[in-house]
Amino acid sequence: MFLDNADDKKKIMDVMLNQDAVIFSAPTYDLMPSSLFLKFMHRNLAYESAFLTKIGAIEPRDRVGALIAVGGSTRSWQSMALECMQATTFTNSFKIVDMYMATQVPAPGQVLLYDEKLPGQERLARMSWKR
């Protein structure tokens, strides 16, 4: 396809659709995941797993996923983030098995600096791989 080399989307999707479990994480802004995350996930329509399976482009697979939303404020400012993230996983047939919202974290990578937030992330990893 002519857009295959426009960016890394196809390469990422080739890997992602061959996984049994994926943990999606995104920073939040104004109640929702970042626009960068949404743009990436909305482009998944071209890689809809039911269609790709039907035409034989990919093997059938039960996929599970987990979600982590990270934001600097309290729950009230992030209230729709996890739900929006989950909605973007439908196209690729991910069954979301767990979600975690890290609040009052100033930057996405800094969530790992807070010991009290690590059990939630560890739980996500265990649930994702257990299925």
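Rings of Phe, Tyr and Trp (its six-membered ring) pair if their centres lie within 6.5 Å, with planes under 30 degrees apart counted as stacked, over 60 as edge-to-face and the rest as tilted. The model here is predicted, so local features need pLDDT of at least 70 and side-chain atom pairs count only at pLDDT 80 or more, while totals for chains, interfaces and linings use all residues. Residues are numbered from 1 along each chain as its sequence is written, and side-chain values use heavy atoms, with hydrogens and water left out.

**Exercise 1. Find the aromatic pairing in the whole structure and classify it.**

Step 1: A search through the whole structure turns up one aromatic pair.

Step 2: Phe24 and Phe94 have ring centres 5.2 Å apart and planes at 90°, so call this one edge-to-face.

Step 3: Now place the rings. Phe24 sits in strand E1 (residues 21-29) and Phe94 in strand E4 (residues 94-102), so the pair ties together parts 70 residues apart in sequence. Strands (E, at least two residues) and helices (H or I, at least four) are DSSP runs, numbered from the N terminus.

Step 4: Check the burial. Phe24 is buried at 6% relative accessibility, and Phe94 is buried at 6% too. Buried means under 20% relative accessible area, exposed over 50%, and partly exposed in between (1.4 Å probe, protein chains only).

**Exercise 2. Work out the strand order of the sheet and say which strands stand at its edges.**

Step 1: List the elements. The protein has five helices and four strands, running α-β-β-α-α-β-α-β-α from the N terminus.

Step 2: Start at E1 and look for partners; two strands pair if DSSP finds at least two bridges between them. E1 runs parallel to strand E3 (residues 63-70), joined by seven bridges. Val22 stands opposite Gly65 in E3, and Pro27 stands opposite Val70 in E3.

Step 3: Go to the other partner. Strand E2 (residues 32-33) pairs with E1 in the antiparallel sense over two bridges, and Thr28 has Pro33 in E2 as its bridge partner. E1 and E2 make a hairpin with two residues between them, and Asp30 in the turn has a positive phi of about 50°.

Step 4: The four strands form an open sheet in the order E2-E1-E3-E4, with mixed pairing. E2 and E4 stand at the edges with a single partner strand each, so one side of each is left without a neighbour in the sheet.

**Exercise 3. Describe the surroundings of Gln86.**

Step 1: Locate Gln86 in helix H4 (residues 81-87).

Step 2: Gln86 has 25% relative accessibility and so counts as partly exposed.

Step 3: Skip its neighbours within four places in sequence, and Gln86 is in contact (heavy atoms within 4.5 Å) with Leu67, Ile96 and Met99. Take Ile96: Gln86 and Ile96 are 10 residues apart in sequence and 7.0 Å apart in space, C-alpha to C-alpha.
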